[in-house]
Amino acid sequence: MTVTAARGLLDALKSEGIDHVFLVPGGSVDMFLPELERAGITPVVAAHEAGAAFMADGYGRARGLFGVCMAIAGPGVTNMMTALAAAYADRAPLLLLTGSLPFAWRGREAFQDATPSGLSDVELVRPVTLFAEEVPTAAMAGATLRRAIRAMLGVRRGPAFLALPEEMQTVPVSGQYRPVASSMRSRPLDRPALEAATANLGGKTRIAIHAGNGCVSSDAALALRRFAEAYHLPVVTTLRAKGVLAEDHPLSLGVFGVGGSLHARALFHGEPLDGLFVVGARLNEYNTMWSPRFEPRGPLVQIDTDPGAMGHNDYAVIPVVGDARAAFAWLAESPDVARALGPTRARREAWVTEIRRGPRHESPESRTSAAVPLHPARVMAELSAAAPRECVTLVDSGAHTFFAGHHWESHGPRQWLLTTTMGPMGWALGAAVGARLARPDAPCLVITGDGCLLMHGFEIRTAVRRELPIVYVVIDNEVLASVYLRAMKIDPAGVPTTMLGRVDWVAFARSVGADGERVERPEDLAPAFARAFAAGRPFVVSVACDPDAPTPSTSSEV
Ligand SMILES: Cc1ncc(C[n+]2csc(CCOP(=O)(O)OP(=O)(O)O)c2C)c(N)n1
């Protein structure tokens, strides 16, 4: 069948499993617009291109695939730079599709020339993408897309950029597109390396698992649980992988690292561990707090699909290149591992019980605080209890990230989404639209701050237009709290720069067609959350919070 090259690209994306594209329309992508619905793809028009790219990112993370966004060349693409950078830093696959100026117009000072003869989009996005190319001929559009997808879903995942020149968009093309995304799922495991790495575990009790986002992207949650349960191994996670083992499971010690739990810290107290499996997690500041205590006296076995992720920050690791799911499956079934870890199981049970006997949360009294304005810990504790268990929760950037990270209880993979490497404010407000469309059966919640809302709150309007029942809980403290708290310590002269002042977020929500309510007393939290989850449409709960409440620890002290 013959179709236009623009339609051919959309049909190809559809065959890869994509059913939504997030965009702000405009000149260089005009010819795509009428073809979207015809290709079976729903266009979702965002308020701002950054929001569109955040949405595509949220869609990809929630679905375990990749998301697609579209924008005009030039300012549309530059508006997406922060989102591309955040996805690049977090290794989240995301495709940006745009058009580019007709060849005959190049080098003639045409409006929005974003080709090499103007301000080149390809050059601009190159540092934050794994693939950035213009399609060379209409007939090669499908082949170029395949290369972009292979780059996005390779060993190191991340964003890709593809521009289809305007005069090619309407050129008829024919030929069958062969999807590639599903074939990129199969990943090898260096089994001999894993066998060698686990050869000396016999007689050792204090062995634990540190699970990162690689366990989520490899769909390894079940395999992780089976291995942990087989030998009663305690599990800590990175902040991004929070809940990959449900946090109310008896072997979950919660998040280790910034904002982490006291149980996770207690794991590393006292004598060094006898061994540690670090799986799909980078040994960066957020995940390790750069703590020397992180290093066990026995083997630190690091399992990752990417050899480039191994042994950062001078931890002496035994590297095993491989897929997390395959690794856990092998570990759970290996007779040698059974001989080594089976006999020490009972001692590990006593050890884990002892750790869990201590408190899980810092300042546990803050979770029931009756203070007015409210303590954010109380808000998180109540919200975590009120949210449906299968809720997909997206968390923004600010002091609220650490309150949420510490006090929220997450119950499964892809149910807790946030950016940790770049942490751009307002990400969650866009990403939630994509996540809800990717997982239409799961309730969707955003935890955000008033500063984040000031940046990207208009994406609530996008949720209204798509009739998405997203609940937005705003820690409304009238300051940029994470900056304010530091400013108070550094020099009060800086404090006024961190003040936001009062905004009526309920009136804002209503003005864009959503609903909402303000909570000023702790006893009103639970009924407000119940109404928000039952509302069936976008609903903002703005909670008057104390800006001076200290965040759960973000220091490197373990
Ligand atoms: C795009 C962007 N600009 C600036 C920052 C630096 N920053 C991190 S958190 C924060 C304040 C966030 O304020 P708010 O949304 O009100 O959340 P709160 O800290 O009060 O919980 C700022 C300015 C950032 N992370 N991203």
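My entries follow, by topic.

**Ground rules.** I am working on a predicted model, where local features need pLDDT of at least 70, side-chain atom pairs count only at pLDDT 80 or more, and totals for chains, interfaces and linings use all residues. Residues are numbered from 1 along each chain as its sequence is written, and side-chain values use heavy atoms, with hydrogens and water left out.

**Largest pocket.** I looked up pockets on a 1 Å grid over the protein atoms alone: a pocket is an open set of points where a 1.4 Å probe fits, with protein on both sides within 12 Å along at least five of seven lines, and lining residues have an atom within 4 Å of a point. I took volume as the space filled by probe spheres set on the points. The largest pocket comes to about 880 Å³. I find 46 residues lining it, with Asp90, Arg91, Asn213, Gly214 and Arg240 nearest its centre. Helix 10 gives the most to this lining, four residues. Helices here are DSSP runs (H or I, at least four residues), numbered from the N terminus. By class, the lining has 16 nonpolar, 17 polar and 13 charged residues. Asp, Glu, Lys and Arg count as charged; Ala, Val, Leu, Ile, Met, Phe, Trp, Tyr, Cys and Pro as nonpolar; the others, Gly among them, as polar.

**Second largest pocket.** The volume is about 750 Å³. I find 32 lining residues, and Gly398, Ala399, Phe402, Ser482 and Arg486 lie nearest the centre. Helix 22 (481-490) is one of the elements that give two or more residues. Helix 22 gives the most, with six. This lining splits into 14 nonpolar, 13 polar and five charged residues.

**Ligand.** I count 18 residues around the ligand, the closest being Ala399, His400, Gly423, Gly451 and Cys452. The cut-off is a heavy atom within 4 Å. Next I checked polar contacts (N or O pairs within 3.5 Å). His400 puts a polar side-chain atom 2.8 Å from a ligand oxygen. Ser482 has a backbone N or O atom 3.1 Å from a ligand oxygen. For Val479, a backbone N or O atom sits at 3.2 Å from a ligand oxygen.

Cys444 is buried at 2% relative accessibility. Buried means under 20% relative accessible area (1.4 Å probe, protein chains only).

Key: Buried < 20%, exposed > 50% of the residue type's maximum accessible area, 1.4 Å probe, protein only. Polar contact = N/O pair within 3.5 Å; in protein donor to acceptor, adjacent residues only side chain to side chain.
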